[in-house]
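Subject: Structure handover

Dear colleague,

I am passing on to you the structure that we spoke about, and I would ask you to keep it open beside this message while you read.

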Amino acid sequence: MRVYLDNAATTPIDKEVLSEMYQVMEQHFGNPSSIHAHGREVRTIIEKARKAIAGLLGVSPAEIFFTSGGTEADNMAIRCGIHDYGIKHAITSQLEHHAVLHTLQALEKENSIRLSYVETDDKGNISLQHLEQLLQQNERSFVSLMHANNEIGTLTDIEKVGELCKTYNSLFHCDTVQTMGHYRFDLSKLNVHFVTCSAHKIHGPKGAGFLYINHNIKIQPFITGGAQERNMRGGTENVYGIAGLAKALTLAYANLDNHRNYIQGIKTYMMQQLQQAVPGITFNGETSPGKSLYTILNVLFPETEMADMLLFSLDIAGISASGGSACSSGSNIGSHVLTAIGADPNRPAVRFSFSKYTTREEIDYAINCIKELFNPQK
Amino acid sequence: MNLPIYLDNNATTPMDPRVLDAMLPYFNQKFGNAASRNHAFGWVAEEAVDYSREQVAKLVGANEKEIIFTSGATESDNLALKGVFEMYKDKGNHIITCVTEHKAVLDACKHLEKLGARVTYLPVKTDGLIDLQQLEDAITDQTILVAIMYGNNEIGVIQPVKEISAIAHKHGALFFTDATQAVGKIPVNVIEDGIDLMAFSAHKMYGPKGVGALYVRRKNPRVKVTAQMDGGGHERGMRSGTLNVPGIVGFGKACELCRLEMADEAKRLSALRDKLQNSLLELEESYVNGNIEHRLPHVANISFKYVEGEGLMMAMKDLAVSSGSACTSASLEPSYVLKSLGLSDDLAHSSIRFGLGRFTTEEEIDYAIEQTKKAVNHLRDLSPLWEMFKEGIDLDKIEWAEH
């Protein structure tokens with residue numbers, strides 16, 4: 001049995017998404033900028049996709065800009081937002097994805113900004129009080145805080161963050177790569193200037209994503225050249241990627257409540273089973289449904305001699321999980337998120353992440369393997 | 001024969017079915033994140049990326065470690081220009097490019113000018129080639145980069161890349177080329193051509209949209225670029241972001257097919273292109289734009305004097321052709337490439353780019369010839385300018401009344 005529990009890294013594509021893309025790949029190959037029939041028909045596909053996404057998020061199609069994925073969207077928001085508004089101070093947290101953290105640190109290194117980190121507790125919650133202090137003490141800031149942490153799942157109250165940013169006239173960028181399609185956003189009511197999406201996290205294709213930019217915000221393009229995306233993003237559009245992205249988000253919204261209940265059930269079940277199977281197990285980050293993203297469970301196992309081999313042993317047993325973000329899983333440095341929340345470095349941590357395709361049987365299988373690893377039958 | 005006939009392969013190419021077949025398993029069965037190092041899904045994806053990287057490298061004579069995957073040629077152009085400017089800013093701030101470059105290069109240069117770069121835009125001769133002496137004269141001790149495209153996207157003219165790189169290197173500057181139109185169509189070899197950085201894209205060679213590459217030389221000299229997108233440190237820190245695995249697999253397959261089939265394909269296409277061109281030149285007052293000896297085998301850009309451009313496009317509605325770059329075709333401005341060859345606005349407007357491709361047939365070319373001739377003749381029959389020309393009136397000498 002092969003059990004995939006690394007859906008925070010990437011997800012298998014939905015069949016419906018693939019068939020939509022397949023049709024475009026096979027039949028509609030034109031360049032959307034071409035004015036002849038081949039071009040016009042693919043232009044229509046892109047604009048339909050934009051309209052569908054905008055409708056789901058409660059925004060205008062003019063506020064959606066397609067990118068090559070979440071990392072580009074984060075970079076575009078941060079670099080262009082800070083540069084074009086002449087902002088000299090940014091606020092983030094030590095728990096952000098590297099697409100945000102490394103980008104802000106690069107800007108700090110080149111002396112474009114001063115960078116402050118909002119305090120976080122041992123569950124990964126940010127201190128709203130400290131955030132307010134930071135906003136108060138500095139002139140207009142650029143705030144970048146993620147909606148849900150990609151390693152431990154802790155949710156941030158972005159409504160409150162948005163209100164604070166509004167009060168202090170600051171720009172708010174929210175990395176929503178892990179939560180887009182998992183929660184309903186009404187961006188017309190949220191005080192947020194930038195949110196990001198990556199299609200491959202929601203059963204869509206790799207290589208496609210978007211950046212929402214609030215209509216009050218005017219920035220210059222990040223990737224220049226060509227008039228695509230209304231002069232905001234040069235480069236021939238990834239037409240099938242965009243079609244797949246729109247389909248994936250549409251499907252996610254259509255079944256959001258069902259999937260949310262189902263996946264939350266899987267997560268709760270796994271937590272219970274794990275606690276019974278391995279005494280001494282705890283969880284990193286928040287775990288209650290209101291405070292934690294339901295697709296992610298970060299497990300802190302008891303200290304064991306096989307700590308270094310745990311993920312490897314799981315893989316041998318047929319279980320795909322991760323020690324942290326896939327984007328840095330090749331490095332030998334431990335997870336920056338777990339370090340920041342002060343997780344015991346002697347205990348191995350594993351992130352299990354679920355999708356609508358995860359079954360109880362798969363969880364049972366994983367639990368049995370884990371049980372076997374920790375309490376081998378003599 | 002399906003209408004309209006697609007003769008706009010410089011804008012984009014249909015995906016080869018063999019490429020699509022290669023990509024499909026990586027959407028649903030082998031869907032892993034290539035950066036996942038802890039499990040088989042990740043390894044399978046990484047292995048596929050490595051294999052594609054070899055295929056891409058092999059097509060251009062590079063080492064696979066020198067290939068950085070991006071979302072396409074525009075991003076590669078941005079990374080090369082902005083990345084070199086940042087990385088080498090202690091060495092100098094001068095970049096040399098030319099006026100007929102693609103917008104992706106020109107706009108990135110304009111952006112760098114705002115950041116303190118000095119950019120020289122070399123003119124081109126009437127055949128579209130740059131003057132090598134002018135290039136050498138433009139180089140200063142502040143020159144860090146010479147950025148000249150390999151094959152032009154509108155007229156297909158191939159620049160003397162070897163000579164250009166030799167001049168750049170003689171003066172200690174790096175050479176970057178946007179080879180989006182050339183790679184896969186003609187032999188491009190980064191070693192023989194002396195290329196330090198090179199941008200290219202999958203969808204111009206029968207691969208998928210949304211994926212491209214930047215070649216960055218690792219030896220003699222070792223070239224570095226400052227990352228423009230930060231994040232997980234993918235692509236050896238030069239380009240972060242989850243790899244588009246199916247896209248990359250498609251790109252690799254597309255490169256492999258081009259490498260194996262290019263020689264025969266170039267012969268076939270240049271024969272078809274020549275047939276098209278020679279037949280259309282039978283029309284009076286029609287001209288080929290750009291140098292015809294140093295030209296991509298699948299491109300012909302032809303001007304039809306005394307024909308109104310938009311009318312021509314309308315009259316040729318069974319042919320999907322373009323009057324210039326797709327990236328700027330929505331604007332009604334005449335092509336800046338043709339204007340820089342010295343064409344008037346009128347003549348630039350009445351020019352058509354024919355871009356043949358792997359799926360173009362002789363039957364389609366015959367039909368294209370017939371349709372184009374019919375359209376040109378029809379429009380000229382309606383044109384008072386054509387009538388005056390036929391009566392021997394020199395239109396250039398007429399002083400038109402203001403109204």
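Predicted model: local features only at pLDDT ≥ 70, side-chain atom pairs only at ≥ 80, totals over all residues.

**The seven-stranded sheet**

In chain B, seven strands form an open sheet with mixed pairing, and their order across the sheet is E2-E8-E7-E6-E5-E3-E4. Strand E2 (67–70) and strand E4 (118–122) of chain B each have a single partner strand, so they stand at the edges and one side of each is left without a neighbour in the sheet. On average, and with direction ignored, neighbouring strands of this sheet are turned by 20 degrees against each other.

As background, strands of a sheet pair through backbone hydrogen bonds, either parallel or antiparallel.

Helix H5 of chain B, residues 103–114, lies across E3, E4 and strand E6 (174–178) of chain B, and runs at about 150 degrees to E4(B). Together, E3(B), H5(B) and E4(B) make a right-handed β-α-β unit.

**The three-stranded sheet**

Chain B also has an open sheet of three strands, in the order E9-E10-E12, with antiparallel pairing. Its edges are strand E9 (286–288) and strand E12 (351–355) of chain B, each with a single partner strand, so one side of each is left without a neighbour in the sheet. Neighbouring strands of this sheet are turned by 25 degrees against each other on average, direction ignored.

Strand E10 of chain B, residues 299–304, pairs with E12(B) over five bridges in the antiparallel sense, and B:Ile302 has B:Ile352 as its bridge partner. Helix H8 of chain B, residues 245–281, packs on this sheet and touches E9, E10 and E12 of chain B, while its direction makes about 10 degrees with that of E10(B).

**The largest pocket**

The largest pocket holds about 1,300 Å³ of space. Of the 42 residues that line this pocket, the closest to its centre are A:Arg79, B:Glu86, B:His111, B:Leu115 and B:Gln228. The largest share of the lining, six residues, comes from H4(B). By type, the lining residues divide into 15 nonpolar, 13 polar and 14 charged.

With best wishes

How values were computed: Residues numbered from 1 in each chain as written. Chains lettered and ligands numbered in written order. Heavy atoms only, no water. Pairing = 2+ DSSP bridges. Helix = DSSP H or I, 4+ residues; strand = E, 2+ residues; numbered from the N terminus. Axes fitted to C-alpha atoms, helices over the stretch in contact; angles between N-to-C directions. Contact = heavy atoms within 4.5 Å. 1 Å grid on protein atoms, 1.4 Å probe; cavity = no way out; pocket = protein on both sides within 12 Å on 5 of 7 lines; lining within 4 Å. Points joined across faces, edges and corners; volume = space filled by probe spheres on them. Nonpolar A, V, L, I, M, F, W, Y, C, P; charged D, E, K, R; others polar. Right-handed = clockwise from strand over helix to strand, strands pointing away.
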